[in-house]
Amino acid sequence: MLRAIEAGKHVYTEKPVAESLEGALRLARAAKAAGITHGVVHDKLFLPGVMKLHRLMNEGLFGRVLSVRLEFGYWVFEGDGIPAQRPSWNYRSEEGGGIVLDMFPHWQYLLTDLFGPISALYARNTTHIPRRWDEAGRPYDATADDAAYAVLEFASGAFASVNSSWAVRVNRRELLELQVDGTVASAVAGLRDCAVQHRVSTPMPVWNPDLPDPIEYQALWSDVPDNMTFDNGFKVEWELFLKCAAEGRPFAWDLVEGAKGVQLANLALQSSAEGRRLEVPPLGI
């Protein structure tokens, strides 16, 4: 990518833009100095469920946001009996694999766009499945993390619990679900769906394990309707980038934004290795 930047080419790339924050910042600085249009894929912002959630945020539905719960993942088969549905390099750290480096850049822009700056985090990553089989059926040792569990703090005072795993079986509506709880209302958004519950519709549970619970909790949520057309997110963002490049304008989700995703992933890995909470400092670029 650096060679393309030095040649004066516009660049548009997937995340992560680099494995280290230093590498990501070097690219961002070079792109700014070259005066090119540069961008990073932020496809999760264009998911129908997330767009519905964003609209609810903009309309002030929630009151003060208290907490967020992000659940992502599914069972990736080991590859011995049933072929794995993800490539084997994902589970080799020496080849850039690992769920933290893969997914935390997504969580950075998704959560920041919805809830504002992330100020601190505590994370633990692990390799739940230590032995897998590659595309040729050969066994190998998984050296990259396949699960990560984190608590993020926002500058607003809200908290997020973020669970990401390729070793979890799905018992939710979609592979990605994001629950937002506020003083006035709550919402649960996925890839396509988004359901809401206002304070006037909130039930009053009573803890009594000796009796069946009479409340049908999910029936008290209302789906946000598909009252607009949702195009493919990758296509929408790509078209926006091309328009910016053609007009010589900066792109909103540029390499600086991409570096922020790498920063969060690096801090999550550092937090896990050191077993402590870390502040998220400004990038200084």
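1. How many nonpolar, polar and charged residues does the lining of the largest pocket have? The lining has six nonpolar, five polar and eight charged residues (Ala, Val, Leu, Ile, Met, Phe, Trp, Tyr, Cys and Pro count as nonpolar, Asp, Glu, Lys and Arg as charged, and the others, Gly among them, as polar).

2. The model is predicted: local features need pLDDT of at least 70 and side-chain atom pairs pLDDT 80 or more, while totals for chains, interfaces and linings use all residues. Residues are numbered from 1 along each chain as its sequence is written, and side-chain values use heavy atoms, without hydrogens and water.

3. Strands are DSSP runs of E of at least two residues, helices runs of H or I of at least four, both numbered from the N terminus; two strands pair if DSSP finds at least two bridges between them.

4. Strands β7 (residues 147-154) and β8 (residues 159-165) run antiparallel and are joined by seven bridges. Val162 in β8 is the bridge partner of Ala150.

5. The axes of helices α3 (residues 48-58) and α4 (residues 99-115), lines fitted to C-alpha atoms over the stretch in contact, come within 10 Å and cross at roughly 25 degrees, on a scale from 0 to 180 degrees between N-to-C directions. The two helices are therefore roughly parallel to each other (angles under 35 degrees). Contact (heavy atoms within 4.5 Å) involves residues including Leu53 of α3 and Leu110 of α4.

Definitions and conventions: Parallel < 35°, antiparallel > 145°, perpendicular 65-115°, else oblique.
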